[in-house]
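Subject: Structure handover

Hello,

Here is the structure I promised. Please open it alongside this note.

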Amino acid sequence: MIVGLVKEIKNQESRVGLTPSGTAAYVAAGHKVLIETHAGEGSGFADGEYQSAGGQILPSAGDVWDAAQMIVKVKEPVESEYAYLKENQIVYTYLHLAADKPLTDALLKAKTQALAYETITDASGALPCLAPMSTIAGRMAVAEGAKYLETTFGGRGVLLAGVPGVEQGKVVIIGAGTVGMEACKIAVGLGAQVTIIDINLKRLAYLDDIFGNKIQTLYSTPANIRAAISEADIVVGAVLIPGKKAPHLVEKADLAFMKKGSVLVDVAVDQGGCFETTRATTHQEPTFIDSGIVHYCVANMPGAVARTATLALTNTTLTPGLKIASRGIAGAVRTDEHLRNGLNTCNGYCTYKGVAETFGIPYVSALEAV
Ligand SMILES: NC(=O)c1ccc[n+]([C@@H]2O[C@H](COP(=O)([O-])OP(=O)(O)OC[C@H]3O[C@@H](n4cnc5c(N)ncnc54)[C@H](O)[C@@H]3O)[C@@H](O)[C@H]2O)c1
């Protein structure tokens with residue numbers, strides 16, 4: 001397989017889809033790896049390191065897209081990359097298609113074989129390639145929320161830890177999965193009062209066992225959410241319904257019940273966001289204020305800690321990537337149900353049910369499509 005690595009061009013995105021050591025693993029397995037010059041620089045990997053690992057540096061993204069049979073990336077192709085998409089080419093990256101109709105249309109039209117990191121499963125039914133970025137985003141969410149809670153940024157000027165004689169800040173986390181639990185750890189560590197909300201009672205019981213009386217767990221109902229956010233200084237949105245658009249659990253009308261200058265951090269923005277007022281922001285301009293509430297809705301939070309994020313991401317994407325490269329798309333899909341779950345579009349068909357349902361387009365199973 002000719003594997004291609006391109007530089008990410010999404011705003012403020014410095015991660016890269018393959019490290020020099022990952023390149024060496026592909027080369028050792030008999031594949032050829034082409035790398036766009038400077039692709040890894042944002043994560044601290046120089047061209048020379050890729051060359052020492054057996055990779056070949058090419059001068060432009062176009063050269064890599066043209067020659068490669070399998071493109072390895074981090075973020076979804078942005079509009080200016082749609083022209084590169086082509087038939088019989090595997091694109092292996094985060095896609096989040098349910099929140100992106102133009103990209104879905106582009107992949108279907110180009111007949112791209114698009115494998116989404118975020119829908120690949122493991123034996124326990126978890127999403128192993130989503131988890132490392134969720135861990136990072138969860139850990140960042142409370143830190144970012146704490147920053148934008150400062151008066152300078154339009155926040156209500158609350159120190160989460162409080163001080164002797166002054167109460168601590170209150171953090172509400174909606175969604176107790178990977179993002180939610182990591183946000184919980186940091187919020188507890190900073191000394192905040194923490195409430196975490198989910199529809200999964202087993203998960204809430206687990207968190208209750210881990211954190212004991214340091215946190216409050218709540219079942220997710222509109223009434224519980226409204227009551228919790230009306231007390232909150234920071235609300236972290238961390239829900240996920242795999243492959244689907246996030247549900248709006250906080251509506252615009254709910255903001256009237258919140259304290260002015262409190263902060264909403266919508267980590268689920270990449271799936272459309274779980275607050276009605278969410279709109280995607282960038283690291284350059286991470287926040288906006290709606291109805292007196294600060295909104296932080298950066299869709300690629302881990303991009304701000306590129307080195308850590310690249311290492312964490314490639315730790316999980318390398319092994320499936322090697323399988324795909326060795327078996328080809330048809331072989332990978334036929335022999336591995338977890339990679340099959342990763343296939344979102346193939347040969348002009350939408351092969352992921354959640355995406356097909358979201359857009360009302362026909363669904364064809366991955367096995368039929370390859
Ligand atoms: N913005 C970023 O940079 C960034 C980075 C990583 C992940 N994410 C996103 O964060 C989101 C969460 O990811 P995750 O890995 O934690 O997912 P996860 O599957 O581990 O957890 C999601 C949780 O949401 C819960 N949930 C579903 N419906 C709910 C409801 N109605 N009320 C309350 N809880 C509900 C589920 O029970 C589950 O516990 C995803 O959309 C993911 O793509 C964003």
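Below is what was found in it.

This is a predicted model: local features need pLDDT of at least 70, side-chain atom pairs count only at pLDDT 80 or more, and totals for chains, interfaces and linings use all residues. Residue numbers start from 1 along each chain as its sequence is written.

Domains

The protein chain is assigned domain 1 (2-127 + 306-369) and domain 2 (131-304); such bounds come from an automatic or database domain assignment. Their centres, taken over C-alpha atoms, are 30 Å apart. Domain 1 gives 25 residues to the contact and domain 2 gives 17 (contact: C-beta atoms, placed from the backbone, within 7 Å). On the domain 1 side, α9 (306-335) supplies the largest share, 7 residues. Helices are DSSP runs of H or I, at least four residues; strands are runs of E, at least two; both are numbered from the N terminus.

Ligand

Which residues are closest to the ligand? They are Ser134, Ala137, Gly177, Ser220 and Met301, in a shell of 34 (C-beta atom, placed from the backbone, within 6 Å of the ligand). α5 (131-148), α6 (178-189) and β8 (193-198) each give two or more residues to this shell.

Helix pair

The axes of α5 and α6 come within 7 Å and cross at roughly 40° (lines fitted to C-alpha atoms over the stretch in contact; angles run from 0 to 180 degrees between N-to-C directions). Residues making this contact include Ser134 and Ala137 of α5, and Gly180 and Ala183 of α6.

Best wishes

How values were computed:
Two residues are in contact if their C-beta atoms, placed from the backbone, lie within 7 Å.
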